[in-house]
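Visitor: Please put the structure up, and then I will ask about it.

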Amino acid sequence: VEIEAEAITLASISYQSLFRLFGRLSGMTGTAATESKEFEKIYDLQVSVVPTNRPCQRHDDEDQIYISDAAKWSAVVREIEATHRTGRPVLVGTTSVENSELVAARLAELKVPCRLLNAKPENAAREAEIVAGSGRKGAVTIATNMAGRGTDILLGGSSAVMARLRLRQELFPLLFPGRGEEWSMPEDLYPAELPASTQELLRSAAAEAARAAGG
């Protein structure tokens, strides 16, 4: 590899300064209302809230303040456990990988199954699998702020994503022999067991696709 000269930054500009160079500014985001003062101070822009298509059914509880982190996380874990027992899927947002792992460890002590979605490679690699099952009954998903952004969690789970993962599980080991474990999915990901006839059709389709690809 040829060693090249070190890159030198000749100029830089902040996002705020760059945006102010434009004659007109506008945008849309789900978090603009909470930052309305910042938009007014930096860009001299007003924020208008677009009403929802249907009345919002979400109920916002009052904020709760705790005297220590330990007390806060204990309350969070108790709330997760209570909601999990009702069968409702739970999505827990955390601000760091460390906090997500802390919550997961506390839930493990209570024998509450959960899945981690954070920046660690072993978790990021299974993002599609984790998000696909996050809306299923009783599912508990712990995510950091950046993980899974721009994806929709469907109540009951995403059947389309599950179908693709199931097909990949059958097809990829044929295309890449010796690496089957990389594509295997946990059996509890799928909400129902496929009939033997359907499994045979799936294996036949995967084998035919592998032959067509030269595998």
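The questions below go from the overall layout to single residues.

Visitor: What kind of model is this, and how are residues numbered?

Guide: This is a predicted model, in which local features need pLDDT of at least 70 and side-chain atom pairs count only at pLDDT 80 or more, while totals for chains, interfaces and linings use all residues. Side-chain values use heavy atoms, with hydrogens and water left out, and residues are numbered from 1 along each chain as its sequence is written.

Visitor: What percentage of the residues count as buried?

Guide: Buried means under 20% relative accessible area, exposed means over 50%, and partly exposed lies in between (1.4 Å probe, protein chains only). Of the 215 residues of the chain, the buried share is 27%.

Visitor: Among contacts between residues at least 6 apart in sequence, what share joins residues at least 24 apart?

Guide: A contact means heavy atoms within 4.5 Å. Among contacts in the chain between residues at least 6 apart in sequence, the share joining residues at least 24 apart is 62%.

Visitor: Is helix 3 oblique or parallel to helix 4?

Guide: Axes are lines fitted to C-alpha atoms, for helices over the stretch in contact, and angles run from 0 to 180 degrees between N-to-C directions. The axes of helix 3 and helix 4 come within 10 Å and cross at roughly 60 degrees. Angles under 35 degrees count as roughly parallel, over 145 as roughly antiparallel, 65 to 115 as roughly perpendicular and the rest as oblique. Helix 3 is therefore, relative to helix 4, oblique.

Visitor: Which residues of helix 3 and helix 4 make the contact?

Guide: Helix 4 contributes Asn99, Leu102, Val103, Arg106 and Leu107. From helix 3 come Ala70, Trp73, Ser74, Val77 and Ile80.

Visitor: At what angle do helix 7 and helix 9 pack?

Guide: Helix 7 covers residues 159-175 and helix 9 covers residues 196-212. Their axes are 9 Å apart, and the packing angle is about 40 degrees.

Visitor: How many aromatic pairs are there, and why does the pair of tyrosine 15 and phenylalanine 19 count as stacked or tilted?

Guide: Rings of Phe, Tyr and Trp (its six-membered ring) pair if their centres lie within 6.5 Å; planes under 30 degrees apart count as stacked, over 60 as edge-to-face and the rest as tilted. A search of the whole structure finds 3 aromatic pairs. Tyrosine 15 and phenylalanine 19 have ring centres 6.1 Å apart and planes at 25 degrees, so this pair is stacked.

Visitor: What separates tyrosine 15 and phenylalanine 19 along helix 1?

Guide: Tyrosine 15 is exposed at 63% relative accessibility, whereas phenylalanine 19 is partly exposed at 33%. The two are 4 residues apart in helix 1 (residues 15-19), so their separation is about one helical turn.

Visitor: Which parts of the chain does the pair of phenylalanine 19 and tyrosine 43 link?

Guide: This pair is tilted, at 6.4 Å centre to centre and 50 degrees between the planes. Tyrosine 43 counts as buried at 18% relative accessibility. The two residues are 24 apart and link distant parts of the chain, helix 1 and helix 2 (residues 36-43).

Visitor: Where is aspartate 44, and is this residue buried or exposed?

Guide: Phi of aspartate 44 is near 55 degrees, a positive value in a residue other than glycine. Aspartate 44 lies in the loop between helix 2 and helix 3. With a relative accessible area of 62%, aspartate 44 is exposed.
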